[in-house]
Amino acid sequence: MTAILRNESGKRIRGSLLLTGLLIILSAFFLVVFPSIQEEAQLVEQAYPEYLLELLGIEELHTIEGFTGGYIFPFIWILLAGIYFAYTSAGMISGDIRTRRMDLTLSNPVSRESVLLQKVAALWVPLVALSVGLLVMLLVGVSVLEETINLGALVMVHLLGVPYLLVCAGIGIVFSVVLERVEKAQAAALVLVFLLWLVDGLSQMNPDFEWVGALTPSRYYDPSAILIHEEYALLDAGLLLVIFFLLLGVAVFIFTRRDI
């Protein structure tokens, strides 16, 4: 019953380690420039337009918590990792259908629901790799900079970020079962996640359009609030999980009824 899960998990180890390594390197570059930004934090905040501060959630840039929540997590976790999860999930089903591997899989005594759910469950590999890798890198980096950061808040910003990545994965899964060509599914998922992130930030520029941002998943994950104010929006994380399961349910419904 778990053969597909084991196989898919093993196939994702290499890509997950590569992704984690690249994001760790990028995060390290961010930390390297923190001392210089810390000295000019007020000037940097004044130089940035208001919409960009809102888009990135920049607050208290002179602190390591503000810098991490306003620079590292918006780019590394919300944007890049979100795009990765949407992109890789969009190839889960469409890729196997395109290469005819799905025909071979379904020739065995296994339901379509089980195939899809086991493939999705294999995302635990990049989730764990990214969370642990980034957490360790930040702890080491903060120590090298001779700064201190609340370990509990740092752990929570990773845990509460998991539902957001799952929603991005859910978007990719839906495209994977709807579109026949894997390239189109991956491109559509990538573009949609990027646009949702962009709309969330831009919608805060005008109070009349702020409601639009409420339709984006990134609105319900605020790294700065977690790291700076230790505000753990558990209800928001729960809402993101509900959205993920709804997307997963839609994907299962479509996949069990489509002709492959």
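**Salt bridges and a nonpolar patch**

In this predicted model, a network of salt bridges links Glu-8, Lys-11, Asp-96, Arg-101 and Lys-119. The total count of salt bridges comes to 7. One of the contacts pairs Glu-8 with Lys-119, with an N to O distance of 2.8 Å. Glu-8 sits in helix H1 (residues 3-32) and Lys-119 in helix H8 (residues 112-121), so this bridge ties together parts that are 111 residues apart in sequence. Both ends are tucked away: Glu-8 is buried at 7% relative accessibility, and Lys-119 is buried at 4%.

Next up is the bridge between Arg-98 and Glu-183, at 3.1 Å from N to O. Here the partners come from helix H6 (residues 92-98) and helix H12 (residues 182-203), so the pair connects parts 85 residues apart in sequence. Arg-98 is partly exposed, at 40% relative accessible area, and Glu-183 is likewise partly exposed, at 42%.

Helix H12 also supplies Asp-200, whose side chain meets that of Arg-219 in a salt bridge of 2.7 Å, N to O. Arg-219 belongs to the loop between helix H13 (210-213) and helix H14 (223-229), so the two tied parts are 19 residues apart in sequence.

Away from the charges, Trp-124, Val-128, Val-132, Val-136, Val-140 and Val-144 make up a nonpolar surface patch of about 560 Å². Val-136 is placed in helix H9 (residues 124-144). With a relative accessible area of 45%, Val-136 is partly exposed, and it clears the patch cut-off of over 30%.

Definitions and conventions. Residues numbered from 1 in each chain as written. Predicted model: local features only at pLDDT ≥ 70, side-chain atom pairs only at ≥ 80, totals over all residues. Heavy atoms only, no water. Patch = residues over 30% accessible without salt bridge, like charges linked within 9 Å, V, L, I, M, F, W, Y side chains within 5 Å. Areas by Shrake-Rupley, 256 points an atom, 1.4 Å probe, with all protein chains shown as cover. Salt bridge = Lys/Arg side-chain N within 4 Å of Asp/Glu carboxyl O. Helix = DSSP H or I, 4+ residues; strand = E, 2+ residues; numbered from the N terminus. Buried < 20%, exposed > 50% of the residue type's maximum accessible area, 1.4 Å probe, protein only.
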